[in-house]
Structure formats: C-alpha cells, structure tokens
Amino acid sequence: MEEDNETPSSSTLKSASKERKYVQKFKASWLEHPDFKTWLKKSDKGETKAYCKICDCDLVCGMSELLKHKNSAKHTKKDGCYFAMWKNVNFFEQKSDARY
Ligand SMILES: [Zn+2]
C-alpha cells in the first residue's frame, strides 16, 4: 500500500487564510463613470479611499462600496437632483462584479 505523503491540505489551508485582505485602490476610471463622476473624488486620506463631494465624507474604495453609498439614504437625499437617473441603475448591479 502506497501512501501519498504529500498532504496538500495543510499548505492549501495556509494560502487560503491570507493575512492581508485584498484592498481596492482608487481607480481613475471611476471619475469618468457617469454614476460617480458628479460626486466622486479621490480622497487625500490614502489610495484606498474615495471621497464624496456631496456628503463631504470619505468612502472605502470599491465598485460595490461606491454604489452602496450612491444609493444610501444619506447620499440620495443630498443628491436629489439626480434622483431620476437612479431608475436606470438596475442594469448596473449586474455589472458590479466586473471591473469597470
Ligand atoms: Zn455621498
């Protein structure tokens, strides 16, 4: 009986539990995005931060985070004049996984 001495499970486990989480950095392309460009700015707090001009606050970078903020009550209230546009946002959610 031959035993398989290689036990990949331990090493796989090790690499699976990375200490570092993937951090999304701010992307310049977001500034040209029709849904973001009216309010988004690069934060001066760091590369992984974005800034909302309307709410005057820093945000975590990431497509989903930015969309979440865009649709948050706080933001929508202030950004009232763009309210009509949000109805067209649905198609966007499907794309949120893909990189812009
Ligand atoms: Zn905002």
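## Ala-50 and the sheet around it

In strand 3, Ala-50 has Leu-59 as its bridge partner. Residue numbers start from 1 along each chain, following the sequence as written. The model is predicted: local features need pLDDT of at least 70, side-chain atom pairs count only at pLDDT 80 or more, and totals for chains, interfaces and linings use all residues.

**The overall plan**

The chain contains four helices and three strands. Here helices (H or I, at least four residues) and strands (E, at least two) are DSSP runs, numbered from the N terminus. Reading from the N terminus, the elements come in the order α-β-β-β-α-α-α. Of the 100 residues in the chain, 11% are buried. A residue is called buried if 20 or more other C-beta atoms lie within 10 Å of its own, exposed if 12 or fewer, and partly exposed in between, with C-beta atoms placed from the backbone.

Two strands count as paired if DSSP finds at least two bridges between them. Strand 1 and strand 2 are joined in the antiparallel sense over three bridges, while four bridges link strand 2 to strand 3, also antiparallel.

Here are some bridge partners to look for in the structure:

| Residue | Bridge partner | Strand of the partner |
|---|---|---|
| Leu-40 | Cys-52 | strand 2 |
| Cys-52 | Cys-57 | strand 3 |
| Ala-50 | Leu-59 | strand 3 |

**Two hairpins**

Strand 1 and strand 2 make a hairpin with six residues between them, and Gly-46 in the turn has a positive phi of about 150°. Gly-46 counts as partly exposed because 13 other C-beta atoms lie within 10 Å. Along the chain, Gly-46 and Phe-26 are 20 residues apart, and their C-alpha atoms are separated by 8.8 Å.

The hairpin of strand 2 and strand 3 has four residues between the strands. Asp-56 sits in that loop, and its phi is near 60°, a positive value in a residue other than glycine. Is Asp-56 buried or exposed? It counts as exposed because it has 8 C-beta neighbours inside 10 Å.

**Back to Ala-50**

Ala-50 belongs to strand 2 (residues 49–52). This strand has a covered face, made of Ala-50 and Cys-52, and an uncovered one, made of Lys-49 and Tyr-51. Why does Ala-50 count as buried? The reason is its 27 C-beta neighbours inside 10 Å.

Which residues does Ala-50 touch, leaving aside its neighbours within four places in sequence? Its contacts are Phe-26, Leu-40, Lys-42, Ser-43, Leu-59, Cys-61 and Leu-66. A contact means that the C-beta atoms of two residues, placed from the backbone, lie within 7 Å. Ala-50 and Gly-62 are twelve residues apart in sequence, and 8.8 Å separates them in space, C-alpha to C-alpha.

Ala-50 is also part of the largest nonpolar core, which has eight residues: Phe-26, Phe-36, Leu-40, Ala-50, Cys-52, Leu-59, Cys-61 and Leu-66. A nonpolar core is a set of buried Ala, Val, Leu, Ile, Met, Phe, Trp, Tyr and Cys residues joined through C-beta atoms within 7 Å. In soluble globular proteins, nonpolar side chains tend to be buried together.

Which residues of helix 2 (residues 63–70) are buried? They are Leu-66, His-69 and Lys-70. Viewed down the axis of helix 2, these residues fall within an arc of 100°, so they line one face of the helix. The arc is that of the directions from the helix axis to the C-beta atoms. An α-helix has 3.6 residues a turn, so residues three or four places apart point the same way.

The buried residues of helix 2 pack against strand 1 (40–42), strand 2, strand 3 (57–60) and helix 3 (73–78).
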